[in-house]
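Have the structure open as you read.

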Amino acid sequence: MSVPTLWKLQHASADTFANAGAFAAALRQHLRYTPAGLTTVLQQIGEEQSAYVMQPGCPGCALDRCVPGCRVDLLRRVLATGYTESALVLVRCGLVERPYTRMAIGWPGADAKPLDASVLQGWQQARLQLHWRLRTRPRPALCASALLCVGEGTDDPLDRLRAIGWQGLRVPSQFSWWRRQPAPAPRLAARAWRGDPYLLTPLAAATQWLMTPPTRDGSLLDLGLAVGYGNAAAIVQHLHDAGARVEMLDLLPDGWTARVAAMTATGDDPRPICGRPCRYPAHRWSSAT
């Protein structure tokens, strides 16, 4: 029986993430006992994003009867420390081949920032793969490498990585293997990562417009537009922290106020939450339950 390797990560997002320190420590410990490392994958098709992980399991994984010491079973315990509602679902037949036309291999530079869902903005077809491995020689270090595959769209994938401090190189288009199933970046591309390990998680389609792709200094956004995006993100974060879920946000022309459609987990009227004092400018609200 073959050993399953690709798993869909469900119910894991920035909104459900908690206990960052404990999760990072648990994931680092998992990598210490997993020589092959762990690959976290984020795929975008249109406005929908899906997260996956590549982790070799055991023959019992397909039957939900993991043998003792199975890395997938251990990974589930790690996920429970940060994403309590998460689940790993086996992808039995792999992913459908996507029409990717460009690819870049990346590794973290001295000032590299964490990769996240914003890296994929601007492409209808894109896939980001981040591979973690704990190097033991010549001295212990957490290492990272990345693959960014994209179809037709805006930026060059290598320029997108360089905009957030990652270095890399372009892969010639004749190498078609990267259009198929996710695979870790070549081990030679791995470089030391100074921060904590993390997983790539999707951004809800309804809030993707709040995120802008990374840009280099020579192509910065208009200042007024950037301020508006920042204010909108602050409004959404405030409501999420207060217990409401934003379904729609309409930023008004002044860039500081907005009309929001929001709902609570219990279905109650969210207007008391919207009216709660906060440090942001006063907002005009419309609510929907």
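## Ground rules

Helices (H or I, at least four residues) and strands (E, at least two) are DSSP runs, numbered from the N terminus. The expected span of a helix is 1.5 Å times one less than its number of residues.

This is a predicted model, in which local features need pLDDT of at least 70 and side-chain atom pairs count only at pLDDT 80 or more, while totals for chains, interfaces and linings use all residues. Residues are numbered from 1 along each chain as its sequence is written, and side-chain values use heavy atoms, leaving out hydrogens and water.

## Helix 2

Helix 2 covers residues 71–82; its 12 residues should span 16 Å at 1.5 Å a residue, and the 17 Å between its end C-alpha atoms agrees. Buried here means under 20% relative accessible area, exposed over 50% and partly exposed in between (1.4 Å probe, protein chains only). Val72, Leu75, Val78, Leu79 and Gly82 are buried in helix 2. Down the axis of helix 2, these buried residues fall within an arc of 110°, so they line one face of the helix; the arc is that of the directions from the helix axis to the C-beta atoms. As a reminder, an α-helix has 3.6 residues a turn, so residues three or four places apart point the same way.

What do the buried residues of helix 2 pack against? Their partners are strand 1 (6–10), helix 1 (20–32), strand 2, strand 3 (48–54) and strand 4 (87–90), with contact meaning heavy atoms within 4.5 Å.

## Helix 1

Helix 1 has 13 residues, and its first and last C-alpha atoms lie 18 Å apart, close to the expected 18 Å. Its buried residues are Phe23, Ala24, Ala26, Leu27, His30 and Leu31. Viewed down the axis of helix 1, they fall within an arc of 165°, so they line one face of the helix. They pack against strand 2, helix 2, strand 6 (125–135) and strand 7 (141–150).

## Gln44

Gln44 sits in strand 2 (residues 38–45) and is buried, at a relative accessible area of 2%. Its side chain makes a polar contact of 2.6 Å with that of Gln49. Such a contact is a pair of N or O atoms within 3.5 Å; within protein, one must be able to donate a hydrogen and the other to accept it, and residues adjacent in sequence count only if both atoms are side-chain atoms.

Gln44 and Val150 are 106 residues apart in sequence, with their C-alpha atoms 9.3 Å apart in space.

## Cysteines

How many disulfides does a search of the whole structure find? It finds zero, a disulfide being a pair of cysteine sulfur atoms within 2.5 Å. For Cys58, the closest cysteine sulfur is that of Cys70, at 3.6 Å, too far for a bond. Cys58 is buried at 5% relative accessibility, and Cys149 is buried at 0%.
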